[in-house]
Amino acid sequence: MKVFVAGASGALGAQLVPKLVAAGHEVVGMTRTASKQDGLRALGARPVVADALDPDAVASVVGEAEPEVIVHQLTALSGKMSIRDARHPDRSSMAKMTNRLRTEGTDHLLAAGRAVGARRFVAQSFGAFRFARTGGPVQTEADPLDPNPPGALRLVVEGLLYLEDAVTTIEWGEGLALRYGGFYGPGTGISLAPDAVMAALIRKRRFPIVGGGGGVWSHIHIEDAAAATAIAVERGRPGVYNIVDDEPAPVREWLPVLASALGAKPPRRVPRWLGRLAAGEMATVMMTDVRGASNAKAKRELGWELRYPSWRLGVTKGLG
Ligand SMILES: NC(=O)c1ccc[n+]([C@@H]2O[C@H](COP(=O)([O-])OP(=O)(O)OC[C@H]3O[C@@H](n4cnc5c(N)ncnc54)[C@H](OP(=O)(O)O)[C@@H]3O)[C@@H](O)[C@H]2O)c1
């Protein structure tokens, strides 16, 4: 098939393109940055340059490519997030731009896909930290989302909901929204690369366990996330899918293991009140209250198999 990947040069896109090419697809990869075209060629894609927020530019490159499937992997999350941004993602320029890519960017790609007769649309969403903070530690796609997310997360949550609704309700084709867990592995913020942002904080012991560390996180190795996406390009019913590993785990369990894998000292522990004072409400909720996600639907309906079913294996063998 002819597959158009918007965000082909990003953390997920760069893993996805070679998998699509290996599966026999013809891939057109979109970037906004002309100098990244050679990199996209090296991955096996035909590069096109367009700004995802410019509807005419998007219509033009999609119209010329005539894809059967469009994959939306646009975010604006690279670069270092300041402590202030981490406390208030809603005020950070990264989150604001990512929100525009998830709303306006989605609309432009959907409009272009519809106009060109595409029949499938697969988009990046994010699953962690969004479930209602009631019920068990692990939740499915059918479980309710948090009706009252921390204020600093509201903008992010609204953007994700907009994208999921817009994509999964298209009538001209099949729309799938993939709720990835937290990425780790090569090219992400958690890798052995010296510039990996979150890994750097953990190495400096600036990523403590807050309170009891009972917040349950769902992780996903970037290769497994890309493998699930490549399958979703070919099959799977419209809807939302959690793309996470088999072992959602509380912060108090996974953070010390990750720190050790990164060669760092064990994380510090800070009481909840201090965490709240230093890092704000949102970070405290993430550390103490959030729920993890189940991958049963994605395994069942996509037939997806994980190379790193647990972060325990992934952080020892898969950090790159
Ligand atoms: N689930 C998760 O945990 C999750 C999800 C996403 C990202 N992240 C993390 O965030 C960090 C950065 O992610 P990333 O490497 O994917 O980079 P990114 O900077 O967020 O870019 C992602 C892709 O979107 C494209 N893009 C952004 N704005 C665009 C625009 N206006 N027009 C056209 N294309 C546009 C970029 O193209 P260009 O080639 O022009 O840059 C790139 O291909 C990584 O550490 C990653 O692990 C985590």
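Set aside neighbours within four places in sequence, and His-108 is in contact (heavy atoms within 4.5 Å) with Ala-52, Leu-53, Asp-54, Pro-55 and Val-58. You're looking at a predicted model, where local features need pLDDT of at least 70, side-chain atom pairs count only at pLDDT 80 or more, and totals for chains, interfaces and linings use all residues. Residues are numbered from 1 along each chain as its sequence is written, and side-chain values use heavy atoms, leaving out hydrogens and water.

**Exercise 1.** Find out whether His-108 is buried or exposed, and which helix holds it.

*Solution.* Start with the place: His-108 is in helix H5. Helices here are DSSP runs of H or I with at least four residues, strands are E runs of at least two, and both are numbered from the N terminus. Next, check the relative accessible area, which is 18% for His-108. Buried means under 20%, exposed over 50% and partly exposed in between, using a 1.4 Å probe and protein chains only. So His-108 is buried.

**Exercise 2.** Work out how H5 (residues 93-116) and H6 are oriented to each other.

*Solution.* First get the axes, lines fitted to C-alpha atoms over the stretch in contact, with angles from 0 to 180 degrees between N-to-C directions. The two axes come within 9 Å and cross at roughly 10 degrees. Now use the classes: under 35 degrees is roughly parallel, over 145 roughly antiparallel, 65 to 115 roughly perpendicular, and the rest oblique. H5 and H6 are therefore roughly parallel.

**Exercise 3.** Do likewise for helix H1 (residues 11-22) and helix H8 (residues 222-234).

*Solution.* Their axes come within 9 Å and cross at roughly 55 degrees. That makes H1 oblique to H8. Among the residues making the contact are Leu-12 and Leu-16 of H1, and Ala-226 and Val-233 of H8.
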